[in-house]
Amino acid sequence: MSALILSRLQFAVTTSYHFLFVPLTLGLSVLVAIMETLYVRTGNETYKKMTKFWGKLFLINFAVGVVTGLVQEFQFGMNWSEYSRFMGDIFGAPLAIEALLAFFIESTFLGLWVFGWDKLSKKIHLLSIWLVAFASNISALWILIANSFMQEPVGYVLRNGRAEMNSFLALITNEHVFYQFPHTVLSGFTTAAFFVLGISAYHLIRKNSLEVFRRSFKIATIFGLISVFGVMGIGHLQGVHLVQAQPMKMAAVEAHWETEQPAGFNVFASIDEQNHRNTSELKIPGMLSFLSYNNFTAEVKGINELQKADEQQYGPGNYVPPVTTLFWSFRIMIAAGTIMILLVLIGIFSLKNQRFEQKNGFLKVLLWAIPLPYIANTTGWFVAEIGRQPWIVYGLQKTAAGVSTVVPAGQILTTLIAFTLIYGVVAVAAVYLFVKYAKQSPDEITAKPDENVAKGASLWT
Amino acid sequence: MDLNILWFILIAVLFAGFFFLEGFDFGVGILLPFLGKNDNERRVLINTIGPVWDGNEVWMITAGGAIFAAFPNWYATLFSGFYLALFVILFALIVRGVAFEFRSSDSNPKWRNLWDWMIFIGSALSALLWGVACADLLRGVPIDAHMQFAGNFFDLIPPYALLAGVSTFLLFTLHGALYLSLKTEGEMLNKVQNAAKKIGVVTVLVVVVFAVMTFFETDLFASMVATIALLLCAVALILANVMLRSGKSGKAFVSSALTIVFLTASIFAGLFPRVMVSSLRPDWSLTIYNASSSPYTLKIMTIVALTLVPIVLAYQAWSYWVFRKRVTEKDLRY
């Protein structure tokens, strides 16, 4: 395999893995902060138990998010050195700002929060977790400002053989950010909501610590309702915007080969990528026009016409991203989102009089629904990143031109295997701890998290 | 002063901060199996750095981001050229980072030992490899006319660079021991001080050899500032040993901190105005001018950095103030 393919594979592995942990951090930090706020305002010990119970799970998740984030900071230079040279003048800035503005707050105040229960006043302790939540979400903003530039370059000029920033303001007010940032953050909130709902359901079925999990369930239901509807609404606006900004991505997502007016939406299609056609499709007439332009009769350009236009603009080449992958990734994301909407709606209508506690079937489904947001998050990023191909920066640099020229394929294969193995081991350990602490009673966690069982043994023996 | 120089200095400051701060928590990790003879002792050691190690590591992440933003060619050449070495550092920091959270989350002795070893291995590899990497920048590696690394993995580990690695390894270990002498009490404090005394002597010897080798292997002594900084580094290191022996732990720790800061200053001053020396041809070296971002980006980043860095320093210093007391068994969270 070539260095290019291996580097892409490695980026996909390390980044998808990293983003299994990030969304929960984004949302759970806020939920834990809300719970601690309730504790500080009411003095009710139940809220303190909730804070500690969900806080422990948050910490396990956060640890993996942090260390996999290290790779993110360096791998652009390691595997994508020519991209870094070409784009560094613009791309480096948000990364550095992310570290200065967000990572320092996040790490310092998380340390204060974990170790400061007895050392800080209640209010300062509460402020610490809010700062962690704020910083996590601000870090998402800056990295998405960077990613948005790759999707939709703005505020730059081509000079000295590279892209140079000429408007910082344009970079940070990129229209793409206004869709991508809330879409991502609210996906994170949704992830946390379903995480809390699922685990609460597990305990509610078993009637464990009812006070703790009843309240957790209610908070998560409301949080989830707002978030999941927000994700969907903004996702639609983002789609409408992308039809303008990245028409090829959206046409590929819909397996929409030929320009049509009005254009139908393919619910399912059997795609023949070689011959640029669908061998069979299930179509809702006019629906794609509506999704693209909020208008049932608008013309929507197809892949074949866009390919011709791209060839004229950028020269010969294949500008069609992998249609089948995109088509199904998108539909899996939407399906997962739709199920989540149904679940939070059932949840919200069963809040009254704690009716949800009697619905064992529903609670069981919620436990098994924990993976849904993860599936939606991952497939959503597949759409965003695979849909941008063959470009690494849309319209400016192709992925093939961005890869490091001096790193031999053998070395990349080595690190790809090694990263996969380490991440695998870390995942097994993290899941083991998640299950252990999710099942534990909140009363046990409120006590010191450490047991002095392992005595006497030196590391050397 | 032009902004290229300012950013070179800022990145030097970030590395100095990283080595000074994470230096001692690497040191604590290295000392873990030697000083922590049972689980409780190891927990005391780990908890001395528990609230702060992650914040210390952000200095490195920020340094990486700052290199990317201010000197993209440096970022590109360094990380692609040092590919496998960088991977090992990342591996070390990954296993070390999760180990802190994981180790106490289960009481199985095998589980704890596994993650304690990861803390040791992660700390030791990082302490060693950052020294190697700095020496490589200064001594020079094969870089061609197009700013591309033209060597292989073995060009990164000449004896001089390995010696530099051993030097930082020992310096950070000493620094960690001196940090522990401020953060522990009772029997552990005795053990820590005895260890520091032994490491202190070895460190002086190795660092002297390193300084002599630096004279033969690099052009560091051509720079007056770098020479003075290296001398100050040696003075501070000796002072650390003297203070340690006269029982002044606080001053000993400050001295080892200064040792690390002066060493970093010396390396960067020796590099200046280059950022990576080419061993093939001097004019193929990367400099703060041919590797830099545009003046506009440097200006924006200067405003951002000068606004945010003082705030970061303030709250990080405050967090050290909150955790200023010695760690006792009742403070254990990890």
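1. Helix H15 (residues 409-439) of chain A has 31 residues, which at 1.5 Å a residue should span 45 Å; its end C-alpha atoms are 44 Å apart, so the two values agree. The expected span is 1.5 Å times one less than the number of residues. Helices (H or I, at least four residues) and strands (E, at least two) are DSSP runs numbered from the N terminus. The model is predicted: local features need pLDDT of at least 70, side-chain atom pairs count only at pLDDT 80 or more, and totals for chains, interfaces and linings use all residues. Residues are numbered from 1 along each chain as its sequence is written, and chains are lettered from A and ligands numbered from 1 in the order in which they are written.

2. Buried residues of H15(A) include A:Ile412, A:Thr415, A:Leu416, A:Phe419 and A:Tyr423. A residue is buried if 20 or more other C-beta atoms, placed from the backbone, lie within 10 Å of its own, exposed if 12 or fewer, and partly exposed in between. An α-helix has 3.6 residues a turn, so residues three or four places apart point the same way.

3. Strand E3 (residues 265-272) and strand E4 (residues 277-284) of chain A run antiparallel, joined by seven bridges; strands pair if DSSP finds at least two bridges between them. A:Ala269 stands opposite A:Glu281 in E4(A). Four residues lie between the strands of this hairpin, in which A:His276 takes a positive phi near 55°.

4. Chain B has eleven helices and two strands. Its radius of gyration, 20 Å, is close to the 20 Å that the globule rule gives for 334 residues, so chain B is as compact as a globular protein of that length. The radius is taken over C-alpha atoms, and the rule is 2.2 Å times the number of residues to the power 0.38. Of the 334 residues of chain B, 61% count as buried.

5. The contact takes 65 residues from chain A and 68 residues from chain B, where residues are in contact if their C-beta atoms, placed from the backbone, lie within 7 Å. H5(B) supplies the largest share of chain B's side, 13 residues. That side divides into 38 nonpolar, 22 polar and eight charged residues. Ala, Val, Leu, Ile, Met, Phe, Trp, Tyr, Cys and Pro count as nonpolar, Asp, Glu, Lys and Arg as charged, and the others, Gly among them, as polar.

6. The largest nonpolar core has 272 residues; B:Ile11 is one of those touching the most other members. Such a core is a set of buried Ala, Val, Leu, Ile, Met, Phe, Trp, Tyr and Cys residues joined through C-beta atoms within 7 Å.

Notes
Contact = placed C-beta atoms within 7 Å.
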